[in-house]
Amino acid sequence: MEEKITGSEILIRALADNGVECMFGYPGGQIMPVYDKIYENEQGVRHYLARHEQGAIHAAEGYARATGRTGVVITTSGPGAMNLLTGLADALMDSTPIVAISGQVGTVMLGKDAFQESDVISSVLPVTKWAFQVRRPEDIAPALSRAFYIANSGRPGPVVIDLARDAQVGTAVYEKQTAPFIRSYDSDPVPAEGVIEEAAKLINESERPLVLAGHGVMIAGAEKVLSDLAEKGELPVGTTMLGLSSIPSDHPQYVGMLGMHGNLGPNINTNRADLIIAVGMRFDDRVTGDIKKYAPNAKIIHIDIDESEFDKMIKCDLHVHSDARKALESLLPLVESKSRKEWRASFDKHRHVEEERVMARELKCAAPDGRMLMGGVVRKVCEAFGNDAVVVTDVGQNQMFAVKYSRFKSSRSLISSGGLGTMGFGLPAAIGAKIGVPERNVVLFCGDGGLQMTVEELGMIMEYGIGVKIVLLNNNFLGNVRQWQHLFFNGRYSSTPMVNPDFRMLAGAYGIEAAEVADASQLDDAIAKMAAHDGAYLLNVNIDETDMIFPMTPGGNGVDEILLNQSEYYKPV
């Protein structure tokens, strides 16, 4: 007769059998049976104690984005589960595979307002791919197998398993699960007949094509075939923010980042292209600007694994419903070698203007009073790590400067909260990324506002010795909101100035080495010291509060209606 074990032990075994190496979490009353089995865990699944459930799920996101594997977070019922909602929404918008496990009261108490009871399933349905409540121990392993399959197949996203106490303490025989079949769920769609050939024909006939590479390129593992296709057809490639590092920054066909704070070349030439090839991106409003003015001269091919994105924002001429790598591999032999040197050179003309009119000032690093400028700080830090660190950002000006002034050699080197724009994402995501890829340098760029939203996760760094390098771009303001207030609200800085703590002392309280840079003359030595330090480090850099991120396409403008500075629109020749 086969041995029966508790549902809690079944959960731990099933996690190991689904390839889980680590998880992030916070214990509580209704998940204690599981944590008791974590205590005696012989399966080798490491657990990292966060200081807040939101920190735990953002750490799981950072781990997933850095590795491509599914991140796992575990927490208790009621407030514990509710504290995951922001991270679930963030993971859904950014296609990040997460399995979240929440404890729940016993089935006899469901719906009776028991202590720390909440309706988890109803709460999380809008921000998950799938959510399921398990009430019997024999259902744990099948549910978990399905959860991992759904989370990291098709378009990845978050899944929630709500684990009633009955399931945790009851007993059943554990049976290792095979990959499930889910009727009506097509995780690997095949393009309609003739679509690939039609896409190749449009590419071959175009004179001014532009590839827009999104996060889906990396999710699909399509980085190499993207580069091969770009080289063969001499196709310029721009990326969304989350598509950064899908093609090296120094690749001859890479032309820059798209969007509100993107580079001049790809934004201007979006509206001059005769063909747009969108790969694994969703035409976010920050990329398109006013959709009525978007790409008026171009036919548009949209390659995506999620057919719900087709025509949602931009009406396209051809839909390729497919995994990005498989679609590009099918296209590659059909696309003709073709010289498009004049078209490619047009991007460089805009790049030179941006370098001279915008970036040159930032790269000097210092304002007249010695306070530093974010762009120059970011560039120097990235160069100190050979332009090959995993760059993690929080949200705000620090994010935009980090993505614009970093350079990338390797894939999966940019981790940022894109669709939801979650302040507080950066610190725990950097911790998760470092745990996932301990052999790589992980550098977090954050602002003083975002850091303080999840600053308690310095405790995870202290407890587990996680060697994240934290560059605090500190302007004593909520910088991005301040910029908008300056430009569009007559300089009325409502609730954006910040009175901050001594961040060096704060880091020191957590046993983290820290330094402050008050003047540009100290910057190079301070960065070198941080880069050489073996372990976590916080570098507090005093930033000029008037520093603003440009170019900028204000909301409501067309993608090519771009501010070079506070008052001057770019007028390309």
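1. In this predicted model, C446 has a relative accessibility of 1% and therefore counts as buried, the cut-off for that class being under 20%.

2. For C446, which is in no disulfide, the nearest cysteine sulfur belongs to C382 and lies 14 Å away, whereas a disulfide would require a pair of cysteine sulfur atoms within 2.5 Å.

3. Helix α21 spans residues 479–488, and its buried residues are G479, R482, Q483 and Q485. Because these residues cover an arc of only 165 degrees around the axis, they sit on the same side of α21. As background, an α-helix has 3.6 residues a turn, so residues three or four places apart point the same way.

4. As for what that side of the helix meets, the buried residues of α21 pack against α17, the helix covering 397–405. Just after α21 in the chain comes N490, whose phi is positive, at about 55 degrees.

5. A separate remark concerns strand β10, which runs over residues 237–239 and contains T239. With a relative accessible area of 0%, T239 is buried, since the class takes values under 20%. Leaving aside residues up to four places away in sequence, T239 touches A213, L244, S246, I247, Y254, G256, M257 and L258.

Key: Residues numbered from 1 in each chain as written. Predicted model: local features only at pLDDT ≥ 70, side-chain atom pairs only at ≥ 80, totals over all residues. Heavy atoms only, no water. Buried < 20%, exposed > 50% of the residue type's maximum accessible area, 1.4 Å probe, protein only. Helix = DSSP H or I, 4+ residues; strand = E, 2+ residues; numbered from the N terminus. Arc of directions from axis to C-beta. Contact = heavy atoms within 4.5 Å.
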